[in-house]
Amino acid sequence: MEKWENNRAWFLILPVFVIVAFSAIIPLMTVVNYSVQDILGPGQSVFVGTEWFREMLTNSRLHDALVKQLIFSGLVLLIEIPLGIAIALTMPHKGWTASACLVLLALPLLIPWNVIGTIWIIFTRPDIGLFGAAINSLGLGFDHTANPLHAWITVMLMEVWHWTPLVVLLAYAGLRSIPDAYYQAAKIDGASRWAVFRYIQLPKMRGVLTIAVLLRFMDSFLIYAEPFVLTGGGPGNATTFLSIYLVKLSTAMDLGPAAAFSIIYFLIVLLFCWLFYQALQAVGTGDKS
């Protein structure tokens with residue numbers, strides 16, 4: 001009887017399984033079905049097996065977009081994680097100033113992604129934009145619509161401004177969870193600020209930093225709305241990341257290649273997330289030993 005009572009708890013999460021089935025599993029199976037067929041028209045298709053996968057894996061434009069995506073995601077992690085930790089360390093721990101800082105930091109996270117792109121279009125316009133006009137007044141000739149390097153700088157600045165607050169909030173939560181007894185013991189031992197950070201704060205933040213790295217990698221690797229609104233993937237294909245290239249494929253009605261690319265994209269994200277997770281867990285295990 002007790003075993004039956006315990007098993008009845010599974011009925012409580014049955015609605016979740018139903019929702020996931022309709023929102024994720026069924027669409028995924030539809031994509032898998034399209035990836036092995038050549039769609040000729042409504043109700044007309046030919047089974048082609050793995051032809052679209054072979055075509056996508058040898059596609060030079062996909063390789064180019066993948067390289068850009070890896071560079072972009074790598075830069076995001078290299079900038080946002082250390083910057084977020086540094087900001088969290090300098091924030092006040094109590095009082096109204098701490099609350100004010102948290103509210104201000106959360107504001108960029110509340111803005112819709114497409115609106116973020118529109119804001120930065122205006123902000124970086126070389127003629128009337130506050131940032132673009134200020135840079136051009138120094139004689140630097142900044143124009144993210146014509147210069148690939150300027151486009152990359154603008155997209156990176158936009159991404160860092162938008163998502164670094166998430167890392168700050170996670171790191172701040174990890175810091176606030178550390179008991180005062182650790183700091184008191186470090187003070188008695190005469191530990192330096194670097195020693196406190198290295199041996200107390202950083203190990204205690206390992207859990208939240210793991211979440212931050214995984215979230216930021218997945219979000220940056222799947223980024224679409226902001227760079228699409230800001231640059232449209234240009235100038236040329238300078239900021240055509242994987243998601244933008246995928247949308248271009250699907251809007252051209254190449255449903256078979258687009259579906260195969262979607263599955264490859266999905267597997268790449270899963271692979272890198274697993275690698276990051278294993279690496280971070282290994283670092284944590286090494287710290288404990």
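Biologist: Which residues does Met56 touch, not counting residues up to four places away in sequence?
Modeller: Met56 touches Leu62, Leu249, Pro257, Ala260, Phe261 and Ile264, where a contact means heavy atoms within 4.5 Å. This is a predicted model, in which local features need pLDDT of at least 70 and side-chain atom pairs count only at pLDDT 80 or more, while totals for chains, interfaces and linings use all residues. Residues are numbered from 1 along each chain as its sequence is written, and side-chain values use heavy atoms, with hydrogens and water left out.

Biologist: What makes a set of residues a nonpolar core?
Modeller: The set must consist of buried Ala, Val, Leu, Ile, Met, Phe, Trp, Tyr and Cys residues joined through side-chain atoms within 4.5 Å. The largest such core has 47 residues, of which Met56, Ile81, Met205, Phe221 and Phe261 touch the most other members. Several helices (DSSP runs of H or I, at least four residues, numbered from the N terminus) each supply at least two of its residues, including α3, α4 and α11. The most comes from α14, with nine residues. Another core lies apart from this one; it has 12 residues, among them Val76, Ile116, Trp152 and Ile223.

Biologist: Why does Gly49 count as buried?
Modeller: Buried means under 20% relative accessible area, exposed over 50%, and partly exposed in between, with a 1.4 Å probe and protein chains only. Gly49 has 15% relative accessibility and therefore counts as buried. Gly49 lies in the loop between β2 and α3, and touches Ser35 and Val36, with residues up to four places away in sequence not counted.

Biologist: How do you know that β1 and β2 pair?
Modeller: A strand is a DSSP run of E, at least two residues, and two strands pair if DSSP finds at least two bridges between them. Four bridges join β1 (residues 37–41) to β2 (residues 44–47), and the strands run antiparallel; they therefore meet the rule for a pair. One of the bridge partners is Gln44 in β2, which faces Gly41. Two residues lie between the strands of this hairpin, and Gly43 takes a positive phi near 75°.

Biologist: What makes the pair of Trp120 and Phe123 edge-to-face?
Modeller: Rings of Phe, Tyr and Trp (its six-membered ring) pair if their centres lie within 6.5 Å; planes under 30 degrees apart count as stacked, over 60 as edge-to-face and the rest as tilted. By this rule the count comes to 17 aromatic pairs. For Trp120 and Phe123 the values are 5.2 Å centre to centre and 85° between the planes, so the pair is edge-to-face. The two are about one helical turn apart because they are three residues apart in helix α6. Trp120 is buried at 8% relative accessibility, whereas Phe123, at 29%, is partly exposed.

Biologist: Where is confidence lowest and where is it highest in the chain?
Modeller: By pLDDT, the predictor's confidence in each residue from 0 to 100, helix α1 is lowest at a mean of 56, and helix α4 is highest at 93. Where pLDDT is low, the predicted coordinates should not be read in detail.
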